[in-house]
Amino acid sequence: MVERIGVIGAGYVGLTSAACFTHLGHDVVCVDSDQSKVDELNRGEVAIAEPGLAELVRDGLICGRLLFSTKTDGLAAVDVVLLCLPTPQGEGGDADVRALEEVVTGLPGLLTPGCVVVTKSTVPVGTGNRLPELLGDADLPVVGNPEFLREGHAVEDFLRPERIVLGSRDEDRPAAERVAALYRGIDAPVWFTDPASAELAKYASNAFLAMKLSYVNTLAELCEHHGADIRAVGRLIGLDSRIGPAFLRPGPGWGGSCLPKDTAALVRTAERAGVDFGMLRDVLKANARHQSAVVRKIRLAITGATDGSLTGTRIGLLGLAFKAGTGDLRDSPALAIAGELARSGAILTGYDPGVASAAPDIVQVVDDPYLVAKDAEALVVLTEWPEFRELDWARLAAATDQAIVVDTRNLLDPAAVGEAGFTVIGLGTAAQG
Ligand code: UGA
């Protein structure tokens with residue numbers, strides 16, 4: 001059945017949901033308070049760089065089933081409204097739900113009785129049981145439907161999800177089934193559960209991924225000590241189907257707008273419940289500690305000592321974003337490492353295909369990868385952009401002072417880059433070019 005869907009918030013989650021539900025054949029009105037953003041979107045201009053998203057938005061506009069508006073009156077006609085509002089990290093690690101609560105309090109005046117209220121963005125555990133109180137006696141059933149979209153794969157993850165999760169109170173189960181029906185044509189397991197389980201599943205997934213990454217990053221340090229190779233160790237443990245092969249690549253630390261925020265929020269949730277989730281607190285600490293270990297590794301490579309002085313040392317950074325395929329600098333480990341290097345007196349130049357500038361001003365961002373090598377004592381690969389492999393490494397070597405590259409993503413082919421004149425230092429690998 002074609003439904004009329006309202007989406008509140010035209011950010012990353014809201015826009016992806018609006019475009020994808022239109023693609024699935026529904027009529028969607030997406031409301032955002034930012035007039036210039038709404039105007040741009042109605043012209044088909046999509047500022048969020050997600051593969052396939054702009055095309056879906058334009059298709060939706062052309063067929064007249066997708067509309068963006070700052071006005072909320074269109075919401076009176078919708079059957080389902082998706083709340084896609086930011087829940088950033090607030091005081092003490094908790095998610096800040098003020099924007100969400102303000103909108104929810106106003107919903108009874110905007111929606112028609114029977115309309116299903118769906119929380120799509122990540123909401124603190126307990127929200128689904130609290131929202132009905134905020135909605136008063138309005139007949140507005142509430143369903144939690146967390147998203148599991150990765151940046152750079154949002155459309156693909158929305159249209160080919162590994163699971164669809166619907167959390168509702170028993171009395172709202174028919175509403176949850178109505179939300180499930182919106183995903184018609186999508187082949188994925190659909191799980192009906194209670195609100196708290198749906199909310200917890202979202203946090204628990206991201207925190208588990210963070211834990212897996214810190215485990216492998218720390219293991220990489222141990223590999224270095226013993227002359228083992230994390231690539232082999234990762235592959236061998238990943239062959240155990242109970243562990244699985246994904247998320248076993250070591251790096252400079254994990255970051256982005258979700259893993260750090262959600263892990264911190266789950267720690268707070270546990271604290272409030274009186275549950276000692278010290279293991280997760282350690283995961284947060286391990287990530288910060290690992291970033292400092294990477295800095296010591298860079299120091300050692302350049303100066304021969306882990307506490308060697310970097311004052312006035314030029315270092316070229318390849319990659320600044322928290323992962324490849326995005327220009328997102330939020331909680332990027334690359335920037336944390338750059339910050340530590342800059343505080344130690346290093347002079348930093350950085351290149352990232354997705355980043356034009358970075359604040360605070362610790363890195364001079366350039367638009368040519370070969371400029372980062374100019375007079376540099378070392379290059380450091382911090383983001384796993386595949387195109388870094390294809391650079392002319394002999395040209396880079398010729399521009400540097402000391403041809404050293406610290407590859408924190410084990411992205412490069414050490415033999416080829418070594419052949420080009422570099423000393424290649426990987427992470428958790430004894431192999432050097
Ligand atoms: C993450 C989750 O993967 C999504 O499932 C979730 O929906 C999303 O958060 C969210 O809550 O909205 P994302 O923030 O896009 O997605 O980032 P990931 O792809 O998970 O990468 C996180 C970090 O782990 C990055 O810094 C990445 O470089 C690092 N990483 C990942 C590694 O260092 N090694 C790996 O093997 C994999």
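The following questions and answers examine a predicted model, element by element.

Colleague: Which residues of helix H4 are buried?

Modeller: Helix H4 comprises residues 98–106. On one side of H4, Arg98 and Glu102 are exposed. The buried residues of H4 are Leu100, Val103 and Val104.

Colleague: Which residue of E5 is the bridge partner of Leu82?

Modeller: E4 pairs in the parallel sense with E1 over 4 bridges, and in that pairing Ile8 has Leu83 of E4 as its partner. E4 also pairs in the parallel sense with strand E5 (residues 116–119), again over 4 bridges. Within E5, the partner of Leu82 is Val118.

Colleague: In what order do the 6 strands of the open sheet lie?

Modeller: Strands of a sheet pair through backbone hydrogen bonds, either parallel or antiparallel. Here the pairing is parallel. The order is E11-E10-E9-E12-E13-E14.

Colleague: Which are the edge strands of this sheet?

Modeller: An edge strand here pairs on one side only. The two that do so are strand E11 (363–365) and strand E14 (423–425).

Colleague: By how many degrees are neighbouring strands of this sheet turned against each other on average?

Modeller: The figure is an average over neighbouring strands and ignores direction. Its value is 25°.

Colleague: Which residue of E10 is the bridge partner of Leu318?

Modeller: Strand E9 (residues 314–318) and strand E10 (residues 347–351) run parallel and are joined by 5 bridges. The E10 partner of Leu318 is Tyr351.

Colleague: What angle does helix H12 make with E10?

Modeller: Helix H11 (residues 278–303) packs on the sheet, touching E12, E13 and E14, with a direction at about 165° to that of E13. Helix H12 (residues 333–343) lies across E9, E10 and E11. Its angle to E10 is about 160°.

Colleague: Is Asp331, with its positive phi, buried or partly exposed?

Modeller: Most residues other than glycine have a negative phi. Asp331 has a phi near 50° and is found in the loop between E9 and H12. Because burial requires 20 or more other C-beta atoms within 10 Å, and Asp331 has 19, this residue is partly exposed.

Colleague: Is Asn410 buried or exposed?

Modeller: Asn410 also has a positive phi, near 50°. Its place is the loop between E13 and helix H14 (414–419). With 22 other C-beta atoms within 10 Å, Asn410 is buried.

Colleague: How many Å separate the C-alpha atoms of Val366 and Thr349?

Modeller: Val366 is in the loop between E11 and E12 and counts as partly exposed, with 15 C-beta neighbours inside 10 Å. Leaving aside neighbours within four places in sequence, Val366 is in contact with Thr349, Tyr351, Leu371 and Val372. Val366 and Thr349 are 17 residues apart in sequence, and their C-alpha separation is 7.0 Å.

Colleague: Which residues come nearest to the ligand?

Modeller: The shell around the ligand has 10 nonpolar, 5 polar and 5 charged residues. Helix H8 (residues 195–226) gives the most to this shell, with 3 residues. Of the 20 residues around the ligand, the nearest are Glu151, Arg249, Gly251, Cys258 and Lys323.

Methods: Residues numbered from 1 in each chain as written. Predicted model: local features only at pLDDT ≥ 70, side-chain atom pairs only at ≥ 80, totals over all residues. Buried ≥ 20, exposed ≤ 12 C-beta atoms within 10 Å, placed from the backbone. Pairing = 2+ DSSP bridges. Axes fitted to C-alpha atoms, helices over the stretch in contact; angles between N-to-C directions. Contact = placed C-beta atoms within 7 Å. Near = placed C-beta within 6 Å. Nonpolar A, V, L, I, M, F, W, Y, C, P; charged D, E, K, R; others polar.
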